[in-house]
Amino acid sequence: MNSDEKYMRMCFRLAKRGKGKVAPNPLVGCVVLDKQGNIVSKGYHKKYGGNHAERDALLKLKNNEAEGGTIYVNLEPCSHFGKTPPCVDLIIEHKLKRVVVGMKDVNPKVDGITKLQKAGITVDFILTSEAEFLNRVFIKNMTQKLPYVVLKTAATLDGKIASFEGDSKWITSSEARSEVYKMRKDFDCIMTTSNTVIADNPTMEHKFKCILDKDLRTDKNAKIYQQGKIYVAAKENTPLENDRLDIRAVLAELYRQGIYSVFIECGGTFAGTILKEGLIDEVYQFIAPKILNDNKGLSCFNGDDVSKISDCIKLDIYEHKKIGADILLKMRLIKK
């Protein structure tokens with residue numbers, strides 16, 4: 001690993017500290033070196049409305065220790081006035097010689113690279129694909145005006161989420177269930193269906209929940225309604241498509257309400273349907289070391305009729321780990 005990669009990966013680690021606190025802004029970390037190559041400051045974007053990573057790092061300098069040095073940042077420095085002044089102006093003011101960037105900002109208002117180069121500062125890019133992966137939520141928000149969507153499932157080795165009678169407690173271990181509670185905090189909203197609410201009566205504790213309930217079948221005394229802000233998508237407030245709620249329209253409405261990431265917990269029919277419709281960005285799948293061994297059991301994905309293996313929806317596993325007795329796979333959908 002060369003020094004540029006070393007410091008950019010340090011930026012990634014710093015940026016992740018802002019996870020769940022900076023949306024709709026991106027995750028950004030920053031490392032500043034003096035002209036001898038020594039670290040003189042570090043920073044990251046801590047919360048929405050707060051200082052950007054470059055400003056957080058550079059304002060910590062008491063003198064002009066960074067003059068002639070290098071600044072590493074995983075996202076192109078901003079060049080416009082927003083909640084804070086442009087970061088490029090501060091970089092120029094501190095007389096840095098070189099800026100190493102992970103990725104170009106997809107916000108059309110930003111053109112920090114041009115301004116830096118006009119000021120005689122060298123700009124280099126490194127680890128761009130990793131920088132884009134880190135800010136995949138921000139990229140989708142900015143380019144599609146939709147929230148980033150992750151589907152969570154928990155199944156046996158043979159892909160079952162419940163017996164044919166609907167018994168599902170508990171497929172995974174208590175450790176896996178505790179992990180799910182922690183996962184939810186990384187998202188702006190939990191989404192589920194009326195079928196899940198009626199069948200399981202879950203609490204799904206969270207600050208914001210979306211219930212897909214076309215015909216308003218759920219009981220307002222159900223546990224899920226007792227905590228958090230609730231948005232109910234029904235035929236009265238949502239367009240229908242083939243007599244079903246238009247989920248893309250629901251996601252667009254959530255985005256308008258300031259929801260930038262959605263965590264879906266649901267049954268196999270809805271999971272299969274939204275997978276087929278291409279509305280999922282990632283799948284988090286817990287796999288329990290259990291085999292139901294019954295084709296009448298309920299499957300974790302059941303939304304299509306497919307005759308060829310070549311027509312499978314393909315995913316890329318980017319993380320796997322053992323949690324309790326179970327395995328967690330985190331996967332991105334491979335877009336066609």
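Trainee: In which strand is the place of N74?

Mentor: Helices (H or I, at least four residues) and strands (E, at least two) are DSSP runs, numbered from the N terminus. N74 lies in strand β3. Residues are numbered from 1 along each chain as its sequence is written. Please note that this is a predicted model, in which local features need pLDDT of at least 70 and side-chain atom pairs count only at pLDDT 80 or more, while totals for chains, interfaces and linings use all residues; side-chain values use heavy atoms, with hydrogens and water left out.

Trainee: How many helices and strands are there in the chain?

Mentor: The chain holds 10 helices and 17 strands. Its C-alpha trace spans about 70 × 40 × 40 Å along the principal axes.

Trainee: Is N74 buried or exposed?

Mentor: Relative accessible area decides this: buried means under 20%, exposed over 50%, and partly exposed in between (1.4 Å probe, protein chains only). N74 counts as buried because its relative accessibility is 0%. Of the 336 residues of the chain, 50% count as buried.

Trainee: What does the side chain of N74 reach?

Mentor: A polar contact is a pair of N or O atoms within 3.5 Å; within protein, one must be able to donate a hydrogen and the other to accept it, and residues adjacent in sequence count only if both atoms are side-chain atoms. Here the side chain of N74 reaches the backbone oxygen of L27 at 2.9 Å.

Trainee: Which residues does N74 touch?

Mentor: Contact means heavy atoms within 4.5 Å. Leaving aside residues up to four places away in sequence, N74 touches M8, C11, F12 and A15, among others, and also L134.

Trainee: Where is the place of A15?

Mentor: A15 belongs to helix α1, which comprises residues 3-15. The expected span of a helix is 1.5 Å times one less than its number of residues. Helix α1 has 13 residues and reaches 18 Å from its first C-alpha to its last, close to the expected 18 Å. At the start of α1, a side-chain oxygen of N2 comes within 3.1 Å of the backbone nitrogen of D4.

Trainee: Why does A15 count as buried?

Mentor: A15 counts as buried because its relative accessibility is 0%. The partners of A15 include L27, Y44 and L134. A15 and L134 are 119 residues apart in sequence, yet 8.7 Å apart in space, C-alpha to C-alpha.

Trainee: Against which elements do the buried residues of α1 pack?

Mentor: They pack against β1 (29-33), β2 (39-44), β3 (70-75), β4 (98-103) and α5 (128-134).
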